Amino acid sequence: MEVVIVPDAKAGGELIAESIAALWRRKPDALLGVATGSTPIPIYDALTAKVSAGDVDVSRARVCQLDEYVGLPAGHPESYRATVIRQVVEPLGLGADSFIGPDGSAEDVQAACEAYDLALASAGGVDLQILGIGTDGHIGFNEPCSSLASRTRIKTLTEQTRVDNARFFDDDIEQVPHHVITQGIGTILEARHLVLLATGEGKAEAVAQTVEGPVAAVVPASALQLHQHATVVVDEAAASKLKLAPYFRHTFANKPVWQGL
C-alpha cells in the first residue's frame, strides 16, 4: 500500500478531496463510499469548497454508506444516513437519488444486509472508498477478529467502540446502539481504490500494525495490504510509530505527479 504522511488533518483532507475530484472529472458518475465520524470531516470540507468554486461538477456523482446503526428510529440525527446527508449530500448539493445506504431500521436485518451488497454491485461497485480506523484497528465496524472475507452483515460493537462513539450521543454510552450493519471486509476490498485517513497520536499504534504488521484478523485494517490500490494518509502524530516513515516520505516526495494518489 502507499503511505502518505501529511503535516496535519487539513492537509490530508485537501489531498484526498483532490483525488476524489479528479475521479469525478474523469468519471462523472463515480460512486464514492463515505465514512462517518470526525476524522473524514476535513475531506468533506475541502470537497465542498471545490464544488462551490466550480472546480468539479458533481451533478452525476453518487455516494454510499460504509455502515449504519441498527435500531435507531428513522430520522435520528446520529444515524449514519442522517450524518452522511448532513455532512456530504447536502453540502455537495447532491440529489436524493444519488445516495445508497443500508436500512438499519429494517425488521429483517439480514435481508437488509444482503440487499445492500446487491445494491452496491448493481450500482457498478464502489470506485473510491474512504475509511477511518479505530484505535483497535477496525475499519467500518469490522471489529478485531472479523473475517477478512466477510460480507455486509450485522455486528455487535465492542465496549471500546461504544465508548469512542459516545461523544456523538451527549457522552452517554447508554444511548449508543449495540449493533450495526457494516460492509464486511470482503465487501470493502471490492472497491477500486481504498483511502484510509488517520489523524492523532491515538491512532498511531493501529496505523503501525495496519501498515507494517502482519495481515491478521485481529487488526482488520491490515487487510488493506491485500488490495491492489490502497492509500493510507496519516498526519505526523498518527505516523509517529511507523518504522519506515523515512521511506514513505521519500517515495511520496519523488512520486510522478501524474500518478496522483
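How do the residues of the lining of the second largest pocket divide into nonpolar, polar and charged? In this predicted model, the lining comprises eight nonpolar, five polar and five charged residues. The second largest pocket has a volume of about 390 Å³. Of its 18 lining residues, Ser 19, Ala 22, Gln 259, Gly 260 and Leu 261 are the closest to the centre. Helix α1 (residues 9-26) makes the greatest contribution to this lining, with six residues.

Two or more lining residues come from each of β4, α3 (80-92) and α5 (159-165), with α3 providing the largest share, four residues. By class, 13 of the residues lining the largest pocket are polar, eight are nonpolar and six are charged.

Turning to the strands, β1 (residues 2-6) is mostly covered, with five of its five residues buried. Side chains in a regular strand alternate between the two faces of the sheet. In β1, Glu 2, Val 4 and Val 6 point one way, while Val 3 and Ile 5 point the other way. Strand β1 runs parallel to β10 (residues 230-235), and five bridges join the two; here Ile 5 stands opposite Val 234.

A further open sheet has three strands in the order β4-β8-β7, paired antiparallel. Strands β4 (67-69) and β7 (153-156) form its edges, each pairing on one side only. Neighbouring strands of this sheet are turned by 30 degrees against each other on average, direction ignored. Four bridges link β7 to β8 (residues 179-182), and Arg 153 has Thr 182 in β8 as its bridge partner.

Technical notes
Residues numbered from 1 in each chain as written. Predicted model: local features only at pLDDT ≥ 70, side-chain atom pairs only at ≥ 80, totals over all residues. Heavy atoms only, no water. Buried < 20%, exposed > 50% of the residue type's maximum accessible area, 1.4 Å probe, protein only. Pairing = 2+ DSSP bridges. Axes fitted to C-alpha atoms, helices over the stretch in contact; angles between N-to-C directions. Nonpolar A, V, L, I, M, F, W, Y, C, P; charged D, E, K, R; others polar. 1 Å grid on protein atoms, 1.4 Å probe; cavity = no way out; pocket = protein on both sides within 12 Å on 5 of 7 lines; lining within 4 Å. Points joined across faces, edges and corners; volume = space filled by probe spheres on them.
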